[in-house]
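Subject: Structure handover

Hello,

The structure we spoke about is below, with the sequence. My notes on it follow.

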Amino acid sequence: MAASGRDLGDGYTLTLRDLTTVDAVHELVQANLDRLRTAEPWAWAPTSRDDMLRYTEQLLGKYAMDRAVPCVIRSAERVVGVASLAVDPYLGQASLGYWIDADFEGRGIVRRAASVLVGVARERRAARVEIRTGVDNVRSRALAERLGFVHEGTLRSALPLGPRRIDVAVYGLVF
């Protein structure tokens, strides 16, 4: 993926996450914390700006080792979402994750960003890409299906979300 990013249309771009995005992503997480807690275990832990900085540095290290493609979704210059690809070059597979600010849902932005990252996985010769999401996450499951992913099964009680555990739907796309 080029450092300048990919045009997603309608004024949106997918760009690599870097140290200049730390504050914007941190603010976006804080603004969407209640929503994120319904899907992301990490959202239950306190997340300071310094935590976000360290996490971004870890992602950049993985990117340098060709193990991740961490991105942000922008509307003009404003960060409105996150989409990332975790890559396992030894197994020839990748895992796709994404979320967007509540005000930007339903516009097809995440679908376009996810499509770009699926293309990146294909370019890197991954044999498969996987999406894991809570069974009750209707939007994420519908997106996986729109992208051509196939529901491969459900992992019972696989995801801790605060005081409870939820089942996880596993979707795969094989090239």
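V87 has A94 in β5 as its bridge partner. The two strands concerned, β4 and β5, run antiparallel and are joined by 8 bridges. They form a hairpin with 4 residues between the strands, and G92 there takes a positive phi near 70°. Strands here are DSSP runs of E of at least two residues, helices are runs of H or I of at least four residues, and both are numbered from the N terminus. Two strands are called paired if DSSP finds at least two bridges between them.

Before the rest, two notes on the source. This is a predicted model, in which local features need pLDDT of at least 70 and side-chain atom pairs count only at pLDDT 80 or more, while totals for chains, interfaces and linings use all residues. Residues are numbered from 1 along each chain as its sequence is written, and side-chain values use heavy atoms, with hydrogens and water left out.

Overall

The chain contains 5 helices and 8 strands, in the sequence pattern β-β-α-α-α-β-β-β-α-β-α-β-β. Its C-alpha atoms fill a box of roughly 40 × 40 × 30 Å along the principal axes. Of the 175 residues, 44% count as buried (buried means under 20% relative accessible area, exposed over 50%, partly exposed in between, with a 1.4 Å probe and protein chains only). Among contacts (heavy atoms within 4.5 Å) with a separation of 6 or more, 59% are between residues 24 or more positions apart.

The sheet

The 8 strands make an open sheet with mixed pairing, in the order β1-β2-β3-β4-β5-β6-β8-β7. β1 (6-9) and β7 (150-161) are the edge strands, each pairing on one side only. From one strand to the next the twist averages 25°. Angles run from 0 to 180 degrees between N-to-C directions, and axes are lines fitted to C-alpha atoms, for helices over the stretch in contact.

At one end of that order, β1 and β2 run antiparallel, joined by 3 bridges, with D7 opposite T13 in β2. They also form a hairpin with 2 residues between them, and D10 in the turn has a positive phi of about 55°. β2 (residues 12-16) then pairs with β3 (residues 68-75), antiparallel, over 5 bridges. I73 in β3 is the bridge partner of L14, and C71 in β3 stands opposite L16. Of the 5 residues of β2, 4 are buried, so the strand is largely enclosed by the rest of the structure. By contrast in sense, β5 and β6 pair parallel, over 3 bridges; S95 has E130 in β6 as its bridge partner.

Helices

Helix α4 (residues 109-123) lies across β1, β2, β3, β4 (78-88), β5 (93-100), β6 (128-134) and β8 (164-174), at about 145° to β1. In α1 (residues 22-31), the buried residues are V22, V25, H26, L28 and V29. Seen down the axis they fall within an arc of 165°, so they line one face of the helix; the arc is that of the directions from the helix axis to the C-beta atoms. E27 and A31 are exposed, on the face of α1 turned away from its buried side. The buried residues of α1 pack against α2 (33-36), α3, β3, β4 and β5.

Cores

A nonpolar core is taken as a set of buried Ala, Val, Leu, Ile, Met, Phe, Trp, Tyr and Cys residues joined through side-chain atoms within 4.5 Å. The largest has 35 residues, of which L8, L14, I73, L85, L96, L117 and F149 touch the most other members. At least two residues each come from β2, β3, β4, β5, α4, β6, α5 (138-146) and β8, and α4 gives the most, with 9 residues. Another core, of 12 residues, lies apart from it and includes V29, L36, M52 and W99.

L117 is in contact with L14, V69, C71, A83, S84, L85 and L96, leaving aside its neighbours within four places in sequence.

Regards
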